[in-house]
Amino acid sequence: MLLSLLPYRLKFVRYLKSLLLVLLCMPAVAAELHPDTAVLQPQEQRLLQQLQVYHDRSGKLSIEEVQHQPFLRLDTTATLLAGKTVHWVRVALYNSSHFEQERYLYAGDWSKLQLYTSQADSTFKVQQTGQLLPISKRDVPQNKPYVRVRMMPQSYALLYLRLQGDLNLYKPQRLSLQLLTPKQVVKTNNDRLLVQGIFIGIILVMTLYNLVLFISVRDRSYLYYVLALLGTGLYFMFYHGFALEFLWPNSPYWNAHSFAFIVTFNGLFRLLFTRSYLGTKKSLPLWDKLLLLLAMLYALPVAMALLSYFTPLDLLQPCVDLIGIIGGGVLVVMLLVGVASLIQGYRPALYFLIANVFFVIGALLFILKETNLLPGTILTVYSVQVGMVAQVVLFSLGLAYRLNTVTNELATEVLEKERLEREKETERKRLIEQQKKDLEITVANRTSALRHKTEELNKTVRQLKASEYKLRRLNQLKDRFFSIISHDLRTPLATLDSFLNILLNFSDRMKPEQMQKLANHTQLSVRNLQALLENLLQWAASQTASDHSVRFEPESLKLQDVVQRNIYLLQDTADTKQLQWQVQVPEQLVVFADANMLDFVIRNLLHNAIKFSNPTGIIKLSAKTTGNHFAEIAVEDNGVGMTAEVFKSLFHEQHPAITAKGTSNEKGTGLGLLLCRQFVERFGGSIRAKSETGKGACFLFTVPLASLKPPRQEEPKLEKETC
């Protein structure tokens, strides 16, 4: 027995401690109470003047960031604009009583609402609700987005509300805050369950009753009326939250959009019932066309709802407004059609007209309330339901009267034969119309196919023209290179031939100094010929039509080894001008590139530096890593530099660079730099140049570091300056 009482004893001790702490802190709380603090009242409270707001236009601030933002007093006349702005509301509450108080906070039908309550340890207790949250995830599992607030006796609480309107339908135009007692919330919910449950029960009973009649007499009017009643019941289940609570509790986003489909379903079958019950197709053809037009207009809100549901477009609020307009038009037209049918002497139209008078008045009041043109009062909220009940009873009487009328008409054999003939004629016309439509569809499909083929042909023609243009440019480029090559191949070969002729015929007559000078000149021509042939072979391989003719096999390469290997190959050429090397390449630097291509680029740039360097000059080669996971390699000389005309012609694919002779009359074709650009871009880097006449030139290119995928290629950059 004592053990069973132990938990209650412990709770009682904790309660005494909390009460003692509150009593000790009461003077301090009272002294620090701000004028904007809202004191809890025993009845419902509406807070406006005590609210402070901050509008987060980015919608990304956290509670820790929002605390430091400037909150302003709420402007009760301001209207919230549509958009994705998140609104933060700060309010201070004080429980002046000696008892624990519980309130239900209601800030309007927001898409999402989060309540942050400041705790003693500077943290925040987070609660959430909202119309776009499933029932199970709401702080209070009801159709209304309530948040429960509990306050200890004589305690102070600072609340932050994060109000988010993802859909404009669930974003109130003004900020307000209500504090409701638990009794008020329970009473409101019980009243809703009782009143709306009775009404939906009546709709369900009348639906089953008319369904039984339809099964008995097979009259389409009964079927349309049954489906219209079903749509009405679904709509009021949606409106009063029963659909979200019982039909799809875990699909709040669908619940928001289901309105358009439910109302469209209800409106369509009301229009079909009107046409069938009053026989407008035969007796009132103009009104019948108007009814069909209204039925087709329902496709607009359905399309808007589908777009809003499956795309980021927020069309739900205009969809609701459009449905209200169409629904109002449907009700008015139904009333007018009933009057027109009664004028023609159709007696069942009297029941239809009287029933619709009650329902139309109530529905119009309800629609005006839904579109915010009338306030939400008992009259505007429940008038449509009262009118609906009256309509159900009167329609049932009207359907019974109409059934008797149709039975009497079917008893006459002549009328039966005429009806059959009319049906045959109607069927024949329908078949003709169907065949006409099928033929039109076939013609349209064939026209569309022909148009598609024409577009494909035009596209092919454009592609052929583009290919022709590219081939013409390529041929011009090759002709240009061949003209250069034919000239530059002939010159060193002629020099070599002359040297051999002199060596064979006049060697015994020449002095050693003359022989050495002639041999040096011939050696220079042979080296130019060798460089030209190497560039020519590389360019020819890169320009072939096969994608695999130039193998690209990237691998991890130690850059220092690559540089030293190419310097060694060109050492003899550099010694002829007594040039010095300055190499600054980190030993641990490893790049990811094709070995042959990287050798070619470094060797070509070093060869150009030797060519345009003055005797006893210096050639610098350095490498470093950049911030974007690349290694940047620079080849710099202090030679003659480049003119502006030569500098602008570098790296062009349409035409080779303008060539200039080296300091020892070395020649070139411009192929080398073009190949350097192609190879550098092949392994994901970029190349650029800096130069100034008389001060040398500097060529820089980037190579990916090892284990990195090369990024998108960039165009080479040219800068008219020194390194």
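Colleague: What is the strand order in the open sheet of four strands, and how are the strands paired?

Modeller: The order is β2-β11-β6-β9, with antiparallel pairing. Strands here are DSSP runs of E with at least two residues, helices are runs of H or I with at least four, and both are numbered from the N terminus. This is a predicted model, where local features need pLDDT of at least 70 and side-chain atom pairs count only at pLDDT 80 or more, while totals for chains, interfaces and linings use all residues. Residues are numbered from 1 along each chain as its sequence is written, and side-chain values use heavy atoms, leaving out hydrogens and water.

Colleague: What makes β2 and β9 edge strands?

Modeller: β2 (45–47) and β9 (147–151) each have a single partner strand, so one side of each lacks a neighbour in the sheet. From one strand to the next, the twist averages 30°.

Colleague: How do you know that β2 and β11 count as a pair?

Modeller: Pairing requires at least two bridges found by DSSP between the strands. β2 and β11 (residues 177–180) have three bridges, in the antiparallel sense, so they qualify. Leu 47 stands opposite Leu 177 in β11. Likewise, β6 (residues 101–106) and β9 share five antiparallel bridges, and Leu 105 has Val 147 of β9 as its bridge partner.

Colleague: Which side chains of β9 are buried?

Modeller: Val 147, Val 149 and Met 151 point to one face and are buried, meaning under 20% relative accessible area with a 1.4 Å probe, protein chains only.

Colleague: Why is α15 called oblique to α17?

Modeller: Helix α15 (residues 559–569) and helix α17 (residues 595–611) pack at about 50°, with axes 10 Å apart. Angles under 35 degrees count as roughly parallel, over 145 as roughly antiparallel, 65 to 115 as roughly perpendicular and the rest as oblique. That makes α15 oblique to α17. The contact, defined as heavy atoms within 4.5 Å, includes Val 562 and Ile 567 of α15 and Ile 602 and Leu 606 of α17.

Colleague: And what makes α8 roughly parallel to α9?

Modeller: The axes of α8 (residues 285–297) and α9 (residues 299–310) cross at roughly 5° and come within 4 Å. That angle makes α8 roughly parallel to α9.

Colleague: What span should helix α10 have?

Modeller: With 28 residues (316–343) at 1.5 Å a residue, α10 should span 40 Å, and its end C-alpha atoms are 40 Å apart, which agrees. The expected span is 1.5 Å times one less than the number of residues.

Note on methods: Axes are lines fitted to C-alpha atoms, for helices over the stretch in contact, and angles run from 0 to 180 degrees between N-to-C directions. Buried means under 20% relative accessible area, exposed over 50%, partly exposed in between (1.4 Å probe, protein chains only).
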